[in-house]
Amino acid sequence: MTKPVTLTINGIQVEAPPGTLIVDAAKKVGFDIPVFCYHPKMEPVGMCRECLVEIGRPVIDRATGEAVLEEDGSPKIQFGSKLELACATPVSPGMVVLGKSDNAKAGRDDILEFLLTSHPLDCPICDKGGECPLQDLTMAWGPGVSRFLYEEKQHLAKRYPLGELIMLDRERCIQCGRCVRFQDIFADDRVIGFSQRGRSLEIVSYSEPGFDSYWSGNTTDICPVGALTTMDFRFGARPWELRLAASICSQCAVGCNLALNVRREVVTGGDWVVKRVMPRQNEEVNEIWICDKGRFGHHYAEQGPKRLEQPLVRKNGELQPASWDEALDLIAERFGSAGAGLFTLAGSRLANEDLFNLDQLTRRLGGKTGLYTHMGGGKLTTQVGLTPGSNFKDLGGGGENEPPDAVLVVGCDLEEEAPVWWLLLRQAAKRGAAVIALNPRATKLDRDARFSLRYPFGSAAAAVLAMTSSLSQKPHDLPESIQDLSRNPDLKAAAKAFAEARNALVIFGSEGMGLAESAALAQACANLLLTTGHTGKPNNGLLGAWPRANEQGAWELGWEADANLLEHLSQAEALYIVAADPVNDDAAFQSAFGSDKFVVVQDLYLSQTARLADVVLPVQSWIEREGSYTSGGRRVQRFYPAIQSTTAMPPKTEAPGVRRASVLTGSVPELQGPQADFAIPSLIAERLQMDGLNHSSAAAVFAQIGETVPVFAGLTYQKLAEVHEQWPIVGRADMYYGGTLYENTQGLGVQLELARTGAPAQPQPAWSQVEDFRLPKLGLMAFPVTRLYDQGSTLMHTELLHQRIGESFVVLNGFDAARLKISHGGKARITFNTSAQSVIVQVRLDAALPERVVLVPRSFGLSIDAPTPVEVRPAG
Amino acid sequence: MLERKYLAEKYAQEIQAILEKYPSDRRQSAVMPLLYLAQRDKMYVSREDILEIGEILGITSTEVASLIGFYTLYYDQPKGVYRIQVCVDLPCALRGAEKFLTELCDRLGIQPGETTPDGLIAIEPVMCLAACDKAPMFQVQSGAGLTYHENQTVENALSLIEQLRRDAAGRRVAGHERGRDANG
Ligand code: SF4
Ligand code: SF4
Ligand code: FES
Ligand code: FES
């Protein structure tokens, strides 16, 4: 540790590590120095000059090198003739900073006056009004009148859409450059920039579509004025009318902390409505950033005419509204008689509490459970995954005499599959961590990767095996398909960097893979981690870039991906399908329904699968209830109810408790409207005279998880709600302005300990499991890929994103495109040989793809769950 | 992918020569000469050119456009084939530059900042061009580059403009004939 520097700020003696900027040192002891262009997450640029302070430094006698003393023995301090920037000046020993002197204040006033010469001051109609540092500073200190000519105000475009997501008001821009710098430093999408100079300076975007970035919403948070606003929130509400509910993003495995801003509205008859989704600081998960899918993609969870409102029961061949009592009685009877014939299929957007209760009910009836996902290998992540104390922010260049950290990303287009992990890895790479991108095609991660390696499509597991093998004295027999890769000296170098790294982790995805392939890949990755000793300690281990928010939680609770889904669905006597729509994803599943099978579907909407059900049960969405998710980084985090499900009533009976006594004794209102997913299995269990399942509250269910599931041992909702101070301090209404994002006061969550399976996990001598995958000699092979914006049933509720999602498409390689005479943007008919599904879609070309390869994005109306042979023909 | 090839085909050798001047990991530095090349072609840099230059250098079109915005001598809008830029900064103004500008514009029937109806001549006031002692002065910016014209009178300027118009007409004819040849 280097010795801290001692200095005085506003008369208070302060210690700070060398290199600390004056603004930060001041903030740490509670002094706000106003900033516009400085942002604690970015290097200072000194563009706005709002942070002016007086700085004095001790006078040193040049001859002796000693400090010159005043008569009273105190060091003589020399103040500069001009004010200096607190944001760009690091602390130095003996420095005296005056941030509140008349001189400093006058300087900052003058800067404000300059800024206001060209500012429209239309706060009454500005979305930032109420949370705008320019407004606050002007109110606090700004000059009441301007000495500049009103007529000479610069007028610029007031409504300039930078694409369909973000609106720019050029007059309000104070040219701080935060947005442009964010897009450069963090997003690496340089799609907005400055044009012109001086007072005419304006933000431009030349990309197609405008502001083409998954990160655009973050610029609206950190813009210190109302120049950048999202189309979603623009003119939506005033900030002071909004209440906040802490939440967790439900869209991917990262588990970004969110703040849902809600208010009651006349148009909804006084109901609460989510007005905007903002990041909530969690320096161990998402810092202060979220992707645009997380920001805009929540609309599926709102109330709307298509949401299921009450149970439906099939009568005379038709699904008809029924009471909960009727539906639950019927289910209890049929599930009871099915017993071991019950098969429960659950999707992983369900919370821990839901999955736990569903599992309890099914198990105690003797039935089977299956997790609905296209990705395998989760069990390994519970054994060799991240451990408590892990944080992407710790990854970097190692220290003195320490090798840098390494991160292997394999079979994964990280920005598409787990956006914020991509953003954090880019920063880790800048700090010196060795990022190894091992993929079948180029991805954005390559830009920051120290090693960019390619394996042939279908050979992900073999490629990781080749890495492990290159470290071994006795190389393994490697499949033919990766011979080229295994001879690549970079592969050896990457493997060495990984093995020797201080910390090393592996993120695996499902690029081009189905369940079996991704499970094999996970095994290969676990082997690499185990043979190099990178497990069981913080910042080491295996992470899955799961397709849904709580897939990690499902694996931790003992759920497993179902590799024989069709068989299990077909053989079951009764089906309980929750938060999954297999029939929509693949019509082939339809064959499993019908005859006298009893099918219950529990969902938000009347899905394709629900249409085939005997009973359909309406549920509350994630914003209408409480619960917890476990992120891919194995952090259990709570989300809180943001709005009330319109007609929801408390469940009929309650666990005995003082507060609820009246409910128990008085006349109990009938159960109505959507219920929480965890409550329904418990209500069914109750009718089957099964005790021990809880439905009174998510907290009670979670307490049970803490008591019964070893990895969750000792966890409670109180523990998950604990916070400690985070740096930088942002999100408070202060002049040290971090943005409109929220400070975390509701819980940072807890990272799980590793599952103890008795014997410690051993590398599996499973080389033989790695199959030699070869493309067929003839014909095309389709590989599934993940796009952040897809046509999945959740995201399609966000109309704002429709243009970005676009129409169904496939990506074709250049050779076959030329052979088939299909051009970029043209149409083609694609026929899946196995399912015989045949559709006309748009074709995009990628000249870098190998011959015979077609990429088919998941959830774009084409059924693809694993690599599959296809036929492509030009159409129209 | 849609590839833009207008500049790449028309100026293949020039682009090659420009790119060779920069180390391969500093290719984006070639943006200035490429912009200059594109502007020489039609006296402004079109949106298509911006996209193409971005593609050639592996930078975003927004980055290219920002530079055009930053430098006053790059244009992203068409305006005249010849831009006559008259200095009206203080020293030149003292030597009658403003009067010169007004008279010249009057004779051409346009306002300062406008283009003649034939679309050939644009006249605009600019700040100091570093020839303060030789005012009235202007520079002519065209595809052929920049030329300085000092100690000017309105008559001088008008005859220069006539000359420019004749040059332009000559080039148009030559261009047409080349076009005919090419079409066989
Ligand atoms: S738009 Fe906002 S963030 Fe961007 S430069 Fe202007 S004031 Fe700063
Ligand atoms: S990165 Fe994932 S968790 Fe974070 S906001 Fe985006 S979709 Fe949500
Ligand atoms: S110059 Fe310091 S905050 Fe802008
Ligand atoms: S003032 Fe006109 S050239 Fe300098």
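At what angle do the axes of helix α12 (residues 460-470) of chain A and helix α14 (residues 489-500) of chain A cross? In this predicted model, local features need pLDDT of at least 70 and side-chain atom pairs count only at pLDDT 80 or more, while totals for chains, interfaces and linings use all residues. Residues are numbered from 1 along each chain as its sequence is written, and chains are lettered from A and ligands numbered from 1 in the order in which they are written.

The two axes cross at roughly 70° and come within 8 Å. Axes here are lines fitted to C-alpha atoms, for helices over the stretch in contact, with angles running from 0 to 180 degrees between N-to-C directions. On the side of α12(A), the contact is made by A:Ala466, A:Met467 and A:Ser470, and on the side of α14(A) by A:Leu491, A:Lys492, A:Ala494 and A:Ala495. Two residues are in contact if their C-beta atoms, placed from the backbone, lie within 7 Å. The residues of this contact divide into five nonpolar, one polar and one charged. Ala, Val, Leu, Ile, Met, Phe, Trp, Tyr, Cys and Pro count as nonpolar, Asp, Glu, Lys and Arg as charged, and the others, Gly among them, as polar.

Chain A as a whole contains 24 helices and 35 strands, where helices (H or I, at least four residues) and strands (E, at least two) are DSSP runs numbered from the N terminus. The C-alpha trace of chain A spans about 95 × 75 × 60 Å along its principal axes. The radius of gyration of chain A is 29 Å, which agrees with the value near 29 Å that a compact globule of 876 residues would have. This radius is taken over C-alpha atoms, and the globule rule is 2.2 Å times the number of residues to the power 0.38. Of the 876 residues in chain A, 52% are buried. A residue is buried if 20 or more other C-beta atoms lie within 10 Å of its own, exposed if 12 or fewer, and partly exposed in between, with C-beta atoms placed from the backbone.

Ligand 1 is surrounded by 13 residues, and the closest are A:Cys173, A:Cys176, A:Cys179, A:Cys223 and A:Ala227. A residue is near a molecule or strand if its C-beta atom, placed from the backbone, lies within 6 Å of it. The shell around ligand 1 has ten nonpolar, two polar and one charged residues. Around ligand 2 there are 13 residues, the closest being A:Cys249, A:Cys252, A:Cys256, A:Cys291 and A:Gly294. Helices α6 (292-296) and α11 (419-430) of chain A are the elements that give two or more residues to the shell around ligand 2.

Between the chains, eleven residues of chain B are in contact with 15 residues of chain A. Helix α5 (residues 61-70) of chain B gives the most to the side of chain B that touches chain A, with seven residues.

The backbone of chain A has a cis peptide bond from A:Glu208 to A:Pro209, with omega near -5°. A:Ala579 has a positive phi, near 55°, and is buried, with 24 other C-beta atoms within 10 Å.
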